[in-house]
Amino acid sequence: METLLSPSALLGPLRGSRKLAAPAAVPCSRSAVSCSLKKQTQTQAGVAWHGDGGVGSWASFLHHGLAAAALSLALTLSPAPAPAVASEFDVLNDGPPADTYVVDDAGVLSRVTKSDVKRLARDLEARKNIRINFVTVRKLTSKADAFEYADQVLEKWYPTVEEGSNKGIVVLVTSQKEGAITGGPAFVQAIGDAILDATVSENLPVLATDEKYNEAIFSTAKRLVAAIDGLPDPGGPAFQESKRESNFKSKEETDEKRGQFTLVVGGLLVIAFVVPMAQYYAYISKK
């Protein structure tokens, strides 16, 4: 004889087994929160792994596993964030270097070059009371060229004529392969316009074009110091003629190319008109 049970009798134990207890008071401490998080994580992991044995639970687990693997792979392969690089505005706001005489914002100068330039500039300032600061930047966004930026640096670092009279600023822009030199009245008078123009047109751009930034800065420093000390000008590098290829053709080359072009065009015109006409007359003659 079978015993009939009501639905409420069958569902009663299940509902009782899933009845949630009232949340207990948890003290506000780091250890309690950590333990609670660990237990919750382990419980969720167990449920996700075991499930109810059906296809849906395994598909859900596989989906979450693949998503976690993809996220881990993306984080592993993603490039590290680039370090913050100072800009031309940071150079202006930071002011002149206290003891180094060099602001290498472009990051192209070696420690040896910085040390050599510092030695020359510090000795010059001690003997002649003329200070030269050297600045490298990767590119300019606020000014049109290196000369405007050099003037801006001089005015920002030394606002008054008294402060900037014996100060000089050498700027090298690596992306534009150009440089500029500016300074106060005493600085310009001590060096002379001829040496200033020659250094700007020879040492800085020529060596920067070959990406010899260390040599560009150090040779400029030596040339300026020699001029202030009244020594013979060591000179500067010159552009190599082999690297200055002209984009213009000679008259003979132009005439030759023009003759070849005329011959080719004439041949194409013959093919375009004569061949169809010959085919047409051949077709007429057959009829």
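The model is predicted. Helix H10 covers residues 213-228 and packs with helix H9, residues 193-209. 12 of the 16 residues of H10 are buried, so the helix is largely enclosed by the rest of the structure.

- The 16 residues of H10 should span 22 Å at 1.5 Å a residue, and the end C-alpha atoms lie 23 Å apart, which agrees.
- The buried residues of H10 are Tyr-213, Ala-216, Ile-217, Ser-219, Thr-220, Ala-221, Arg-223, Leu-224, Val-225, Ala-226, Ala-227 and Ile-228.
- The cover over these buried residues includes helices H5 (111-128), H8 (185-191) and H9, together with strands S2 (131-137), S3 (167-173) and S4 (178-183).
- After H10 comes Gly-230, which has a positive phi near 75 degrees.

**Packing of H9 with H10**

- The axes of H9 and H10 come within 8 Å and cross at roughly 165 degrees.
- Angles over 145 degrees count as roughly antiparallel, and H9 and H10 are therefore roughly antiparallel to each other.
- The crossing of these two helices is right-handed.
- From H9, the contact involves Ile-195, Leu-196, Ala-198, Thr-199, Glu-202, Asn-203, Leu-204, Leu-207 and Ala-208.
- From H10, the residues that meet them are Tyr-213, Glu-215, Ala-216, Ser-219, Thr-220, Arg-223, Leu-224 and Ala-227.
- The residues of the contact of H9 with H10 comprise 10 nonpolar, 4 polar and 3 charged.

**Packing of H5 with H10**

- H5 and H10 pack at an angle of about 15 degrees, and their axes are 10 Å apart.
- That angle makes H5 roughly parallel to H10.
- H5 passes H10 in a left-handed crossing.
- H5 contributes Thr-113, Asp-116, Val-117, Leu-120, Leu-124, Arg-127 and Lys-128 to the contact.
- H10 contributes Asn-214, Ile-217, Phe-218, Ala-221, Lys-222, Val-225 and Ile-228 to the contact with H5.
- By class, the contact of H5 with H10 has 8 nonpolar, 2 polar and 4 charged residues.

**Glu-148 in helix H6**

- Glu-148 lies in helix H6, residues 146-157.
- The relative accessible area of Glu-148 is 38%, and the residue is partly exposed.
- Glu-148 and Ala-180 are 32 residues apart in sequence, while their C-alpha atoms are 8.7 Å apart in space.

Conventions. Residues are numbered from 1 along each chain as its sequence is written. This is a predicted model: local features need pLDDT of at least 70, side-chain atom pairs count only at pLDDT 80 or more; totals for chains, interfaces and linings use all residues. Side-chain values use heavy atoms; hydrogens and water are left out. Axes are lines fitted to C-alpha atoms, for helices over the stretch in contact, and angles run from 0 to 180 degrees between N-to-C directions. Helices (H or I, at least four residues) and strands (E, at least two) are DSSP runs, numbered from the N terminus. Angles under 35 degrees count as roughly parallel, over 145 as roughly antiparallel, 65 to 115 as roughly perpendicular and the rest as oblique. A crossing is left-handed if the near helix is turned anticlockwise from the far one by less than a right angle, and right-handed if clockwise. Contact means heavy atoms within 4.5 Å. Ala, Val, Leu, Ile, Met, Phe, Trp, Tyr, Cys and Pro count as nonpolar, Asp, Glu, Lys and Arg as charged, and the others, Gly among them, as polar. The expected span of a helix is 1.5 Å times one less than its number of residues. Buried means under 20% relative accessible area, exposed over 50%, partly exposed in between (1.4 Å probe, protein chains only).
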